[in-house]
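I opened this notebook to keep track of what I look up, one stop at a time. Come along and check each entry against the picture.

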Amino acid sequence: MRSVYGFNDNWFYVPQETEVNSDLSTFTEVTLPHTNRLFPYHNFDDAEYQFISTYRKTFRLPEARQGRRVYLTFDGVLSACTVRINQHTFPEQRGGFVPHTYDITDYLNEEGDNHLWVWVDSRERADIPPFGYTVDFMVFGGIYRDVTLRYLEPIHIENVQIRAHGLLTDAPSVEFVVTVRNETDKPASVTIVAKMAFWTDEYSEGIVEPHSTTRLTAWSSLRDMPKSARQLWSLDNPKLYDFHVELADTATVTSAQERLYDRVTVRTGLREAGFAQDGFYLNGERVKLFGLNRHQMFPYIGAAAPRRLQRRDADILKYELGCNIVRTSHYPQSPHFLERCDEIGLLVFEEIPGWQHIGNEDWKTLSLRDVRAMIERDWNHPSIVLWGVRINESWDDHDFYTRTNALARELDPTRQTGGVRFFLGSEFLEDVYTLNDFSNDILEPEKTPHLVTEFNGHMFPTKTWDNEERRVEHALRHARIQSKQFSMGGVAGAIGWCAFDYNTHKEFGAGDRICYHGVMDIFRLPKFAAYFYESQQSPQQKVVLRPATNWALGDVKEGLIEPVTVFSNCEELVVTIGGVVQGNYKPDYARYPNLPYPPFTIDNLDVRLAHPYGDIQFVGLIGGEKVAECTIASEKLPRQLVLSLDDEAIYADGADMTRLVIRAVDTYGNTLPYALSVVYLRLEGEAELIGDNPFVLAGGQGAVYIKAKRERGKVRVEARADRLPAAYVELNII
Ligand code: GAL
């Protein structure tokens, strides 16, 4: 039977290319995921991660092989790597966004030490997608995802695909498509057994030729599953089930001594999802898609974010940004991120690596490999509803895209394809016309199904410390475009550019190597535009009341502080200045007629200079009851430094991390965007502070990360800034 071991520990690293058996004293011990270099959050160059580095690891087999084969899987290495085990060197693997597996059995030292070497080439090589031309994002380097060691019988399950059929009919069923590998020298007669709690086992038999794979299929009717227990995966109830598959030697299947080769459990959800001419349907119900694009990079650590941070991004998109879909621009993203999307009910449009440029035939072959690897890795994620099989924003290429589409459809007939283009009139070889629409509007669909996969972005870059009018306008552009798409039957949805600010090359962004296109900053902290997204959730999920104002009378053009925009899902707002009631306000349906929760446009405020300038208070009402309240100080002075950790505890595994947010706030806890304080951090305890220290607040806010070592215990962080009381926070390492 199989055994699986995490293989992230006890690696040794040197940031240069070295010979085998070179001086090991120059190496330092690291735990994966690992970035080939740590960075400040901005003002550094991509040249700093574009080099070849060396990783090595010495290990003994964790258990006896007992005839099984041993495989080593890398979930992601940026952007190419060469793996050597003892005396054997494997051919170079190119491409950093999909997993690769090596059968190391024949090169192992079964009793003694094994020496593993990995040379990682993190240069942006023109022979590897997405490179060949400049791309608008930094890619970073290192063994930045997990590594696992697996023992498998020579005859084993290589992959399982669960396909659900007819879920909305009276005859729903589940198809198990099982890829079986035979690494012996003889043909093997095998039986797969599909199991689930609710039905009797289903069997299917076949022969697997030596050193090859075959696909076996078993069908199970869901009719035996009690209706009350049959829950479809949905946005509000993302129910997941475990499906089990066993693989046995056919001759033994009915005997008491059944020879079982393998057993695999796949967790997935049952749902029917698809795009029709008039929009997107989930389980037969039309759902307007409302979302943002996500890049996988984080401040300081490049792409090497551990599981907790990957999962947290999904939570931010769903709960802090109220999105129902995310696009994994522009490459397959972390399995941990996708797993969390499944768990919380966040839809995903996943795409292959690429950005505007199509390379030569060799490059295209790698890109087709990416299509296959992405789909074979991710086909059991109920959250994924569309495969992106074009290079983002490339020109048409009839032959290439005919092949990427055909491959995707063959591998996964249950999902549609999209391919992101940026010009009308582009050849439509996919199932869904996915368009980056930078018209500052939503263009009438030329072809349907039509999904807007980007808008805004470079049309209006905005920083957290920009002036207020710009930050409000940035938010309202998102609001206007989303409002428009809600009115258009032929538009399935709109996915804005983008969720988070990201590191980029000098040809893009603000020159400091950040593209300030996010509705949140690079630390995942909100701009006003984030409040717009957040406010579109139902108040049953979360009551939102977010004034998009700094309430500073002299910082807007011509002294015109009004109207004040408030993003809220309340039915009514009562506004008071300095205790004087200004009026009751309703959502602005006139300007944003189609949004679920239009912003409030607050005008007719009594803010004449003669009038005492007081604190402004917003009270949110639903059904006449007060459900939320927010007050912004007129005083505008930083009163407190607030530290907040995303987690109370993290694991002592040498890689786990949590975010520590730092904000300078007014008396009521509102972030002060122009508080540029220098914050000095001091960490006590066994953990590492990852990030700039001292930290200069950007837009009154920012973050660093606390990374666990291998010791358990308490960690305390102290923050000090001039003229503010010191702040403290504690974290448990468990
Ligand atoms: C698009 C591109 C994105 C990003 C965006 C900026 O053209 O697909 O990756 O560069 O522009 O607005």
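**Entry 1: around strand 20**

I began at Y281, which stands opposite R286 in strand 21. Strand 20 and strand 21 (residues 285-286) are antiparallel and share two bridges; I count strands as paired if DSSP finds at least two bridges between them. Strands themselves are DSSP runs (E, at least two residues), numbered from the N terminus. The two form a hairpin with two residues between them, and N283 in the turn has a positive phi of about 50°.

Strand 19 (residues 273-276) and strand 20 (residues 279-282) run antiparallel and are joined by four bridges. F275 has F280 as its bridge partner in strand 20. Here too I found a hairpin, with two residues linking strand 19 to strand 20.

A note to myself on ground rules: this is a predicted model, in which local features need pLDDT of at least 70 and side-chain atom pairs count only at pLDDT 80 or more, while totals for chains, interfaces and linings use all residues. Residues are numbered from 1 along each chain as its sequence is written, and side-chain values use heavy atoms, with hydrogens and water left out.

**Entry 2: strand 14**

Is strand 14 enclosed or open? Seven of the nine residues of strand 14 (residues 188-196) are buried, so the strand is largely enclosed by the rest of the structure. I use buried for under 20% relative accessible area, exposed for over 50%, and partly exposed in between (1.4 Å probe, protein chains only).

Strand 14 pairs with strand 15 (residues 199-208) in the antiparallel sense, over eight bridges. M196 stands opposite W199 in strand 15, and a hairpin of two residues joins strand 14 to strand 15. I also traced six bridges between strand 14 and strand 17 (residues 241-249), again antiparallel. In that pair, K195 stands opposite H244 of strand 17.

**Entry 3: two open sheets**

A reminder before the sheets: strands of a sheet pair through backbone hydrogen bonds, either parallel or antiparallel.

I followed eight strands that form an open sheet in the order 26-25-24-23-22-29-28-27, with parallel pairing. Strand 26 (416-418) and strand 27 (433-436) stand at the edges with a single partner strand each, so one side of each has no neighbour in the sheet. From one strand to the next, the twist averages 25°; the axes are lines fitted to C-alpha atoms, and angles run from 0 to 180 degrees between N-to-C directions. Inside this order I picked out strand 23 (residues 325-328) and strand 24 (residues 347-351), which pair in the parallel sense over four bridges. T328 has E350 as its bridge partner in strand 24.

The other open sheet has five strands in the order 40-47-46-42-44, and its pairing is mixed. Its edges are strand 40 (649-650) and strand 44 (695-696); each has a single partner strand, so one side of each is left without a neighbour in the sheet. Strand 42 (residues 678-684) runs antiparallel to strand 44, with two bridges between them. There, V678 stands opposite V696.

**Entry 4: the ligand**

Which residues come nearest to the ligand? Of the 13 residues around the ligand, I noted D136, H330, W355, E393 and H458 as the nearest; a residue is near if one of its heavy atoms lies within 4 Å. The shell holds four nonpolar, six polar and three charged residues. In this grouping, Ala, Val, Leu, Ile, Met, Phe, Trp, Tyr, Cys and Pro count as nonpolar, Asp, Glu, Lys and Arg as charged, and the others, Gly among them, as polar.

I checked the distances from an oxygen atom of the ligand to an N or O atom in a side chain: 2.6 Å for H330, 2.9 Å for N392 and 2.5 Å for H458. The protein covers 95% of the 310 Å² of accessible area that the ligand has on its own, by the Shrake-Rupley method with a 1.4 Å probe.

**Entry 5: two buried residues**

I ended with single residues. V575 lies in strand 34 (residues 572-577) and is buried, at a relative accessible area of 0%. I602 lies in strand 36 (residues 600-602) and is also buried, at 0%.

Terms used:
Polar contact = N/O pair within 3.5 Å; in protein donor to acceptor, adjacent residues only side chain to side chain.
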